[in-house]
Amino acid sequence: MTLPASMRLLERGWLSANNILFLGREETALVDSGYVSHAPQTLALVGHALDGRKLDLLINTHLHSDHCGGNAALQAAYACRTLIPAAEATSVRTWDEDALSYRATGQQCPRFGFDGLLRDGDRLRLGDLDWRVLAAPGHDPHALLLWCEAQGILLSADALWENGFGVIFPELEGESGFVETRATLELIAGLDVRLVIPGHGPAFADVRAALERARRRLDFLEADPVRNAQNGVKVLVKFRLLERRRVELSELRQWVREVPLLVTANRRYLRMEDDALADWIALQLVRAGAAAIERGMLVDR
Amino acid sequence: MTRYDPSAPGPVPSPCIGVCRMEEETGLCSGCLRTIDEIACWGGAPEAFKREVWREIRRREQSRMPEAKRQ
């Protein structure tokens with residue numbers, strides 16, 4: 001299925017989430033802005049796709065660093081209006097890095113402002129199409145979906161990918177996340193979706209198959225929360241590895257002692273000695289083909 | 001770059017390896033060797049376009065190698 005003429009999917013990698021650009025007759029808009037270290041690339045892609053127009057509106061599905069890291073740069077370049085999930089207003093207004101996820105995950109995100117808030121049930125006009133905002137807790141308690149019923153297009157952010165979904169972070173900190181993740185999957189299942197544009201990876205049309213895989217994945221994680229913690233720590237380290245490209249194994253051993261979510265997940269679920277956890281994560285990433293060890297360094301693959 | 005063969009059947013993977021930096025001199029991303037237009041078009045493009053971009057990437061890889069190493 002091809003995208004409507006007013007939509008462009010800027011498919012990124014894993015360090016930066018995908019950006020969805022809307023070229024309406026009167027207004028342009030961008031959903032999600034990638035990671036801070038890719039901000040020049042994001043600006044280049046958006047500028048190229050805008051083809052002489054300016055960016056009027058910026059929207060974030062949720063405020064993880066890979067979805068809003070380009071906000072500051074885009075705001076500086078375009079003075080675009082910015083809409084964020086309503087529940088995050090105070091955290092962003094005061095730039096509370098503890099309430100936001102950046103300190104906990106050891107990730108970077110430059111401060112940005114906002115002009116409006118998005119809530120479950122809100123309606124937006126993007127690319128001359130009507131969109132509905134839907135609450136999608138699970139991966140993040142305040143995450144949102146954007147749903148265009150007329151086109152059957154769902155912007156799913158990290159609630160649903162072709163193979164899986166984003167780490168269920170609340171559970172790492174002892175808060176409910178499995179129930180919400182399942183409810184969000186069932187919400188998606190109840191929509192007449194013809195095309196999903198996820199936060200990472202390609203757009204896909206076989207939603208039913210993706211939902212089935214996601215349900216099985218959730219069953220697996222929920223059956224033993226240790227599994228979710230194992231997944232979470234691997235993903236957090238892989239993310240840092242994507243950013244840094246290579247890291248001394250000794251530095252990895254420091255990360256497990258210092259990155260708050262790694263410490264929390266270990267204390268609460270994994271209960272390993274710090275060095276043993278660091279070594280285990282490195283081994284798991286190597287086994288998965290996500291990293292290699294070269295001369296005492298963990299190298300991104 | 002991964003050893004992906006663009007003539008292999010099935011979905012075409014993204015060439016992105018996370019470097020994501022455009023080279024001013026060449027107009028290519030120094031990681032995936034795509035032009036800004038190829039990257040921007042990728043998300044909505046049919047498989048045939050993606051395969052052709054991969055073939056172009058391979059040609060660019062070849063021409064960036066020192067003379068002695070070219071196949």
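## Model and confidence

Because the model is predicted, local features are described at pLDDT of at least 70 and side-chain atom pairs count only at pLDDT 80 or more, whereas totals for chains, interfaces and linings use all residues. Residues are numbered from 1 along each chain as its sequence is written, chains are lettered from A in the order in which they are written, and side-chain values use heavy atoms, with hydrogens and water left out.

For the complex, the predictor gives an ipTM of 0.93 and a pTM of 0.96. Where pLDDT is low, the predicted coordinates should not be read in detail.

## Nonpolar cores

A nonpolar core is here a set of buried Ala, Val, Leu, Ile, Met, Phe, Trp, Tyr and Cys residues joined through side-chain atoms within 4.5 Å, where buried means under 20% relative accessible area, exposed over 50% and partly exposed in between, with a 1.4 Å probe and protein chains only. The largest such core has 27 residues, and A:Leu262 and A:Leu298 are those with the most contacts inside it. At least two residues of this core come from each of the chain A helices H6 (169-172), H9 (225-244), H10 (249-258), H11 (260-270) and H12 (274-287); helices (H or I, at least four residues) and strands (E, at least two) are DSSP runs, numbered from the N terminus. Apart from this core lies another, of 23 residues, which includes A:Leu3, A:Phe22, A:Leu195 and A:Ile197.

With contact taken as heavy atoms within 4.5 Å, and leaving aside neighbours within four places in sequence, the contacts of A:Leu298 include A:Leu241, A:Leu249, A:Leu252, A:Leu285 and A:Ile293, as well as the arginines A:Arg245 and A:Arg246.

Strand E9 of chain A (residues 144-148) is mostly covered, with five of its five residues buried. The cover extends to both faces, with A:Leu144, A:Leu146 and A:Cys148 on one side and A:Leu145 and A:Trp147 on the other.

Two strands pair if DSSP finds at least two bridges between them. Strand E8 of chain A (residues 129-135) runs antiparallel to E9(A) and is joined to it by four bridges, with A:Leu134 standing opposite A:Leu145. Three bridges join E9(A) to strand E10 of chain A (residues 153-157), again in antiparallel fashion, and here A:Ile153 is the bridge partner of A:Cys148. The hairpin of E9(A) and E10(A) has four residues between the strands, and in it A:Gly152 takes a positive phi near 70°.

## Cysteines

Counting as a disulfide a pair of cysteine sulfur atoms within 2.5 Å, the model has zero disulfides over all chains. A:Cys109 is in no disulfide, and its nearest cysteine sulfur, that of A:Cys68, is 3.8 Å away. A:Cys109 counts as buried because its relative accessibility is 7%, and A:Cys148 is buried with a relative accessible area of 0%.

## Interface between chains A and B

In this interface 17 residues of chain B are in contact with 13 residues of chain A. The buried area, which is the accessible area (1.4 Å probe) that two parts lose on being put together, summed over both, is about 1300 Å², and carbon and sulfur atoms give 55% of it. Of the area that chain B buries against chain A, B:Cys20, B:Ile36 and B:Ala40 supply 37%, more than any other three residues.

## Three residues of chain A

A:Thr28 is found in strand E3 (residues 28-31) and is buried, with a relative accessible area of 0%. Its contacts beyond four places in sequence include A:Phe22, A:Leu50, A:Arg53 and A:Asp56, while A:His38, ten residues away in sequence, is 21 Å away, C-alpha to C-alpha. A:Tyr35 lies in the loop between E3 and helix H1 (39-50) of chain A and counts as buried at 0% relative accessibility; among the residues that A:Tyr35 touches are A:Ser65, A:Asp66, A:Gln107, A:Phe239 and A:Glu243, not counting residues up to four places away in sequence.

A:Asp120, by contrast, is exposed, with a relative accessible area of 52%, and lies in the loop between strands E6 (116-118) and E7 (123-126) of chain A. Leaving aside neighbours within four places in sequence, A:Asp120 is in contact with A:Val133, A:Leu134 and A:Ala135.
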